[in-house]
Structures are given as C-alpha cells and as structure tokens.
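Hi everyone, thanks for coming.

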Amino acid sequence: MSIKTRLFAAFAVLALVILVQAANSAWMLRTTQALFEDIEDNALNPLADLRALSDLYGVDVPAIAIKVRNGSLAWGAANQQLGETRNRMAEIWGRLKPLLNDEDEATLIVLAEQRMADAETSLTDLADILKAEAIQDLTSYVSRQMFPVIEPVTSALAQLTALERQNAKRALNQARSRFDLFGLSLLLLGGTALLLIGWSADTMRRKVVGTLELIADRVTQAAAGHLDGPLPAIEGNDEFTRLIQAITIFQNNARQLGIQLEFERTLLDTIPNPVSI
C-alpha cells in the first residue's frame, strides 16, 4: 500500500469518526432542546397559569367587591370587570386542564373543579348583587360569603401548584442530565479528534519523517564513499520500499565497481615499468 493511500485512509478514518461524533452530538442537542421545550409547555406554562388563576380568585374578585363597597369603583364598571374576570378564569382553566395529565393530579383536579363550581355559583350571586346595586347585600357578601367560597379554590390550586412544581423540578433534572451528556459527547468528540490527529502526526513522524532522515543519512554516506552502512528494513510495496531498493542496488553496483577498480589497479601494479629507450 502506497504512502498516499495510507494517508488517505488515515484521514478518511479521522473524518468518519468526527462525523459520527458530530452527528451524535447534533442528535443529543436536538433531543435536549426538545426536552426543554416540553418542560416549558408542560411544566413552566402550567405553573404560570395556576398562579394567574389563583390570583383571579384570591385577589381580583375580592378587590372588585371591596372597591365597590368602599365607593372607589362604579357598580357598572365592577359588573363588567367581574364578567371579564370570569371569562378569563374559564379560558385559563380550559387551557390548563389538558396539561395536568399526571396520575397524582387527577384527584386534585376533581377537587379543584368541584370547588370552582361552588365559587362560580357564588360569583353569580355577586353579579346579581352588582346589577341590583344592593350595598347591604354586597356588604354581607364580602363579610360572610366571599372568602369562605374563594379560600377552598385557592387552596386546591395551591396543592396543584406544589405538585406541578415537583414535576417541573423532576423534568429539569432530566434535562440537566441530558445536557451534561451532551457536554460529555462534545468532550469525547474533541478528545477523539485530538487523539486521532496526534496518532496521525506520530505515524507521520515515525513512518515518513524518520524514514526519510535515515535514507538521507545513508545517501550522504554513500556519496562520501561509505557503501557498507545498512539501510532501514521496510516491508511493503510503498514509495519508501522502492526507494530503499533503488539505493541498495546503487550501493551494490558501486561496491562491485569499487572491487573491479581495485582489481584493475592491483593488476596494473604487477606490470613492470616499460624500458626506456
């Protein structure tokens, strides 16, 4: 196998390993991103909706009734705000309920719906009071009926919120573990690439540079007349093998020529000097 083929094979293996690791890292990145998006849709957004729904029951409705009782909000405006608040409650719960699909949440969902149904009846009574502009009925409603109906709703929503927060933490821990695996895969990718590059560089140094240095040294010695130095033994059929074979042939031919010249010089020395006339 020629050196060119070996180098091409080495770089092909390096590229293949890097591509495999890169594809694996890209897959892990996509799955991690999808996991975070799922956490946002199924954990963080429900938490925000639960908080908003609890505030509508526990803050907005009492605020409307108390402001009207204190004279800081008109009856008609209060009735309009109450209608908008009830629509907002129904909208949030309709969006939120399909996302609360954990088995542990089923009982709490039933409980919350029962208490919200009771609260809805009470809110209908409040709407009738606001339409009638009955201040005494409103005062009685605020002091006796409103909070005993609203508190169970906010309590059930708080239990759902606590359970959903636990689910969110669990999902975030899974995402964090996946992200750690993604970071580890990047480290493996970089380490593998560096390892293969180092291996290729070391192979190049030993097989190519080292062999060329030995050949250059032997050719220099041969040019100086030292023809007996051994050449490095290399097996195979690459360019180095053919080069060493050519240098070996040159050494053998030069050695034979040297022997022949030495023989002829010795032969000439045995011939007597010609007689001068």
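**Salt bridges between helices**

Let me start with Glu120, which is partly exposed at 32% relative accessibility; by partly exposed I mean between the buried class, under 20% relative accessible area, and the exposed class, over 50% (1.4 Å probe, protein chains only). A word on the source: this is a predicted model, where local features need pLDDT of at least 70, side-chain atom pairs count only at pLDDT 80 or more, and totals for chains, interfaces and linings use all residues. Residues are numbered from 1 along each chain as its sequence is written, and side-chain values use heavy atoms, with hydrogens and water left out.

So, which residue does Glu120 meet in a salt bridge? The partner is Arg86, at 2.3 Å from N to O. Arg86 sits in helix α2 and Glu120 in helix α3 (residues 106-132), so this pair ties together parts 34 residues apart in sequence. Helices here are DSSP runs (H or I, at least four residues), numbered from the N terminus.

How many salt bridges does the structure hold? There are 6, each one a side-chain nitrogen of Lys or Arg within 4 Å of a carboxyl oxygen of Asp or Glu.

Another of these pairs Arg95 with Asp49, with the closest N and O atoms 2.9 Å apart. That pair links distant parts of the chain, 46 residues apart: Arg95 in helix α2 (residues 75-96) and Asp49 in helix α1 (residues 3-70). Asp49 is buried at 11%, while Arg95 is partly exposed at 35%.

Finally, Arg88 and Glu91 form a salt bridge at 3.4 Å. They are 3 residues apart in helix α2, so about one helical turn separates them. Through shared partners, salt bridges join Asp49, Arg88, Glu91 and Arg95 into one network.

Notes. Helices (H or I, at least four residues) and strands (E, at least two) are DSSP runs, numbered from the N terminus.
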